[in-house]
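User: I would like to go through the terms used for this structure and see what each one rests on. Please set the values against the definitions.

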Amino acid sequence: MRPAGLDDARLAALAREHGTPLYVYDAPTIRARFAAVSGFDVVRYAQKANPNLTLLALLRNLGASIDAVSAGEIERALAAGFPPERIVFTADLFDRAVLERLARLPIHVNVGSRDMLAQFAAVQPGAEVTLRVNPGFGHGHHHKVTTGGSDSKHGIWHDELAAALDDARAVGLVVVGLHVHVGSGASFERLVGAGEFLVASARQVGDTLRTLSAGGGLPVRYRESDEAFPIERYVRAWREHARAIEAYTRRPVELELEPGRWLVAESGVLVTEVRATKRQGEREFVMVDAGFHNLIRPTMYGSYHEIRALGKRGGERPVLVAGPLCESSDVFTQGPGGTLEPIELPPLSPGDLLAIHDVGAYGASMASNYNSQPLAAEVLVDGGHSYVIRRRQRFDELFAAERDLR
Ligand code: LLP
């Protein structure tokens with residue numbers, strides 16, 4: 001998608017002002033995506049998609065709650081002004097840093113492994129908990145992001161739910177919620193099917209059940225040819241799931257969604273500068289200053305991101321777009337398994353700018369300092385205003401925590 005607020009001239013001006021590589025996010029796009037899921041009682045942002053403090057605060061102001069999967073994400077959520085009551089910790093294990101925080105803060109936990117129950121009861125005796133169920137099937141845009149089924153480490157295996165409920169009772173915890181998340185970028189059918197599974201499981205929990213979480217996983221359109229996700233139909237399907245449970249618990253069930261990608265992916269553009277072009281046999285390479293240290297999705301999953309030349313059109317020809325890293329996989333135009341997939345771009349030369357689209361989710365949040373490349377700057381655009389929400393990392397910060405023992 002091309003956010004209306006981020007036209008070519010605007011992106012080029014921001015790149016001139018702040019340098020490249022530069023992440024630019026469009027605030028109105030995030031607001032619109034949030035509005036589209038407001039049929040859920042609680043929208044809990046999965047901050048792993050993009051944990052920038054300003055984006056967290058923007059979503060908090062819209063009324064979002066927040067998911068955290070590490071002690072660091074708990075700290076971020078608190079720093080962005082979420083009260084502990086609006087944070088849920090979701091994981092398949094507690095590390096010691098997390099348990100130490102849970103002992104001090106009234107944060108709800110979504111438990112994905114039975115061993116966590118006794119550990120949690122030791123720090124929050126008598127607490128309420130949610131159980132994450134692995135329904136025995138999953139689906140995602142890539143097998144690496146499929147989180148259901150026996151090849152996945154996530155959730156409590158469906159036929160151990162009764163045993164987990166016994167474990168919880170034995171240590172004095174009260175199970176008030178069920179959660180499922182079968183994968184990221186999953187199909188409508190699989191996502192709704194996971195809900196049907198939860199409805200069937202809910203009977204085992206009994207009348208303490210108060211919340212039903214649909215997890216996240218909603219796909220977005222990376223290609224224009226991708227079908228739009230039928231979000232209204234999705235909300236209705238989960239409402240029906242909740243009603244089916246309410247019919248026998250005879251009390252209201254609060255319906256939660258836990259989206260990451262859905263809320264932020266399409267808001268983000270990575271602007272990068274062409275620094276060289278070259279021909280390697282039959283192949284044409286356009287070499288840019290962003291690499292997989294900024295955006296690893298193409299290298300890791302063969303993910304497609306639309307790439308456009310800013311302010312240039314005509315004479316398109318097939319090229320590969322590659323970054324500066326000393327590794328051949330540093331190519332943005334590749335499919336699953338690393339097969340090179342050229343895209344059509346106009347003739348380019350050093351100084352031209354490219355926009356890489358739909359990078360608001362799992363772009364900056366998965367960035368690294370590989371090759372001692374600093375983290376890129378990030379800018380939020382809101383109508384006529386733009387704000388630096390992360391300055392470019394300085395070179396001295398790259399090794400500030402290290403010691404030179406000479
Ligand atoms: N809830 C749970 C328990 C999750 O594990 C995840 C994602 C989400 C919610 C949010 O999923 P979303 O709505 O964003 O699909 N790095 C990969 C995605 C990994 C997702 C991990 N868990 C990518 O770039 O596609």
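**Terms and values**

User: Why is Gly363 called buried?

Analyst: Gly363 counts as buried because its relative accessibility is 0%, and buried means under 20% relative accessible area, with exposed over 50% and partly exposed in between (1.4 Å probe, protein chains only). The model is predicted, so local features need pLDDT of at least 70 and side-chain atom pairs count only at pLDDT 80 or more, while totals for chains, interfaces and linings use all residues. Residues are numbered from 1 along each chain as its sequence is written, and side-chain values use heavy atoms, with hydrogens and water left out.

User: Where is Gly363 found, and what does Gly363 touch?

Analyst: Gly363 is in the loop between strand E16 (353-357) and strand E17 (377-382). Helices (H or I, at least four residues) and strands (E, at least two) are DSSP runs, numbered from the N terminus. Leaving aside residues up to four places away in sequence, Gly363 touches Tyr23, Ala49, Asn294 and Leu295, where contact means heavy atoms within 4.5 Å.

User: What makes the buried residues of H4 line one face of the helix?

Analyst: The buried residues in helix H4 (residues 71-79) are Ala71, Glu73, Ile74 and Ala77. Seen down the axis of H4, they fall within an arc of 160°, so they line one face; the arc is that of the directions from the helix axis to the C-beta atoms. Their cover includes helix H3 (53-62), strand E3 (65-68), strand E4 (87-91) and helix H5 (96-102). After H4 comes Gly81, with a positive phi near 95°.

User: How do you know that the buried residues of H6 are on the same side?

Analyst: In helix H6 (residues 115-123), Met116, Leu117, Phe120 and Ala121 are buried. They cover an arc of only 130° around the axis, which puts them on the same side of H6. Asp115 and Ala122, on the other side, are exposed. Among the elements covering the buried residues of H6 are strand E5 (108-111), strand E6 (128-134) and helix H7 (161-170).

User: What makes E4 and E5 a pair, and which way do they run?

Analyst: Two strands pair if DSSP finds at least two bridges between them. Four bridges join E4 to E5, and these strands run parallel; Phe89 stands opposite Val109 in E5. The chain crosses from E4 through H5 to E5 in a right-handed β-α-β crossover. That term applies if, with the strands pointing away from the viewer, the path from the first strand over the helix to the second runs clockwise. E5 and E6 meet the pairing rule with three bridges, in the parallel sense, and E5, H6 and E6 make a right-handed β-α-β unit.

User: What makes a space a pocket, and how much space lies in the largest pocket?

Analyst: On a 1 Å grid over the protein atoms alone, a pocket is an open set of points with protein on both sides within 12 Å along at least five of seven lines, whereas in a cavity a 1.4 Å probe fits but cannot get out. About 870 Å³ lies in the largest pocket, the volume being the space filled by probe spheres set on the points, which are joined across faces, edges and corners. Lining residues have an atom within 4 Å of a point. E4 gives the largest share of the lining, three residues.
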